[in-house]
Amino acid sequence: MALPALFALSSNALASEVNTTGLAVTDDTVKVGILHSITGTMAISETGSVQAEKLAIEQINASGGVLGRQIEYIQEDGASDWPTFAEKSRKLLVNDKVAAVFGCWTSASRKAVLPVFEQYNGMLYYPTFYEGLEQSPNVIYTGQEATQQILASIDWLAKEKGAKTFYLLGSDYIWPRTSNKIARKHIDKLGLKVVGEEYYPLGHTQFNSVINKIKLKKPDVIFASVVGGSNVAFYKQMKAAGVDLTKEKPLLMTISVTEDEILGIGGENVEGAYASMKYFQSLTNSNNEAFVKAFKERWGDDIVIGDVTQAAYLGPWLWKAAVEKAGSFDIEKVQAASPGIELTTAPEGYVRIHENHHLWSKARIGQAQTDGQYKVIYETEELMEPDPFPEGYQ
């Protein structure tokens, strides 16, 4: 694929000139970290992020690297365990002295590592759509926050589908609970009604009880934030219980199931469901067509690409751009250079880093097809400004 032409310059500067704080930077190389779950219940979701980050790093190296230096990565496994994420992030920052870390998926893992990044002044590029209500100089959030995903999707459901009643269903940790708290406030604000709310542990596989409750309550919308491997059981059990998502009564809106999860769920079990994301593999623009081609050439024709995978791909490119704008790998200089960085070659189309370290992005709605892809049926005309602290939702 054509390589993004982002500050594609080499540098003859000595390491001592572009690295004044003791990071793992030589005259020829720079070390970064990749920190995701490649084992445990979250591996189904996080594997794509690892693949995307490695592809971006390989492409950057092929185009001359960062300030003329080749990127070397150290990969660690968070193992779907939040204390392990904190431990591995400390290793990467303190022992390995990496210049940046591309990692985490769940909000629980991000919350676990955040104090480590702030204590040791590391730089984390976090790819997952999340609940917002956070901002750190040590994090660039490359996924959507709640106003760009949750509020936008509920507005669409109310306006385009006439939705009036909602059943909130999520995995039991910070992201689904906080997301649904925000969703509930917005539903109330619109004069609509929540008729049920349930949470289940990560890895949970028995959803028949809640499916029966949903059938009794007859909500217009099942608003789902179930994550990881639990989705396989949930959607298969929904279908077995006779819930036909193509009939849209109830309509299902997921804010967590990307093409990666559908690969495990099976397209036939999720057909008709809607998803609120900023990226779908089926997007038809030249950036995305080149990205999908390169991704499949690297990882296999059967691979699929979901929203978080694409957002993970942005991380190394945005870091490269900030380093080269700053002319330094020093964390504080990279932080200062990050606002305003734009990526015109993003597979989703175009993104720009806001002063609050989130991305300006479009909001999109897709509908799941039997082939495991989403058909894009709605997108905002303009980029949505990220607002991690929406007034009235904190």
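Predicted model: local features only at pLDDT ≥ 70, side-chain atom pairs only at ≥ 80, totals over all residues.
**Domains**

The chain falls into two domains, each built from two segments: domain 1 takes 19-144 + 285-360, and domain 2 takes 149-277 + 364-379. Taken over C-alpha atoms, the centres of domain 1 and domain 2 are separated by 28 Å. To the contact between them, domain 1 gives 23 residues and domain 2 gives 25 residues.

**Helix 2 and helix 11**

Helix 2 (residues 43-62) and helix 11 (residues 286-299) have axes that come within 11 Å and cross at roughly 105°. Angles of 65 to 115 degrees count as roughly perpendicular, and helix 2 and helix 11 are therefore roughly perpendicular to each other. On the helix 2 side, the residues in contact are Gly48, Gln51, Ala52, Lys54, Leu55, Glu58 and Gln59. Helix 11 meets them with Phe291, Ala294, Phe295, Arg298 and Trp299. By class, the residues of this contact comprise six nonpolar, three polar and three charged.

**Pockets**

Rolling a probe the size of a water molecule over the atoms shows where empty space is left.

The largest pocket has a volume of about 220 Å³. Its lining consists of 14 residues, and those nearest the centre of the pocket are Thr21, Leu23, Tyr120, Asn121 and Ile331. At least two lining residues come from helix 3 (82-95), and at least two from helix 13 (331-337). Helix 13 makes the largest contribution to this lining, with three residues.

The second largest pocket holds about 150 Å³ of space. Ile214, Lys215, Lys218 and Pro219 belong to its lining, as do Gly242, Val243, Asp244, Lys249 and Pro250.

**Backbone features**

Most residues other than glycine have a negative phi, and most peptide bonds are trans. Two places in this chain depart from that pattern.

The peptide bond from Lys249 to Pro250 is cis, and its omega is near 5°. Lys249 and Pro250 are also among the residues that line the second largest pocket. Pro250 sits in the loop that runs between helix 8 (230-240) and strand 9 (251-254).

Leu133 has a phi near 60°, which is a positive value in a residue other than glycine. The loop that holds Leu133 lies between strand 4 (124-126) and strand 5 (139-141).

Definitions and conventions:
Residues numbered from 1 in each chain as written. Heavy atoms only, no water. Axes fitted to C-alpha atoms, helices over the stretch in contact; angles between N-to-C directions. Helix = DSSP H or I, 4+ residues; strand = E, 2+ residues; numbered from the N terminus. Parallel < 35°, antiparallel > 145°, perpendicular 65-115°, else oblique. Contact = heavy atoms within 4.5 Å. Nonpolar A, V, L, I, M, F, W, Y, C, P; charged D, E, K, R; others polar. 1 Å grid on protein atoms, 1.4 Å probe; cavity = no way out; pocket = protein on both sides within 12 Å on 5 of 7 lines; lining within 4 Å. Points joined across faces, edges and corners; volume = space filled by probe spheres on them. Domains from an automatic or database assignment.
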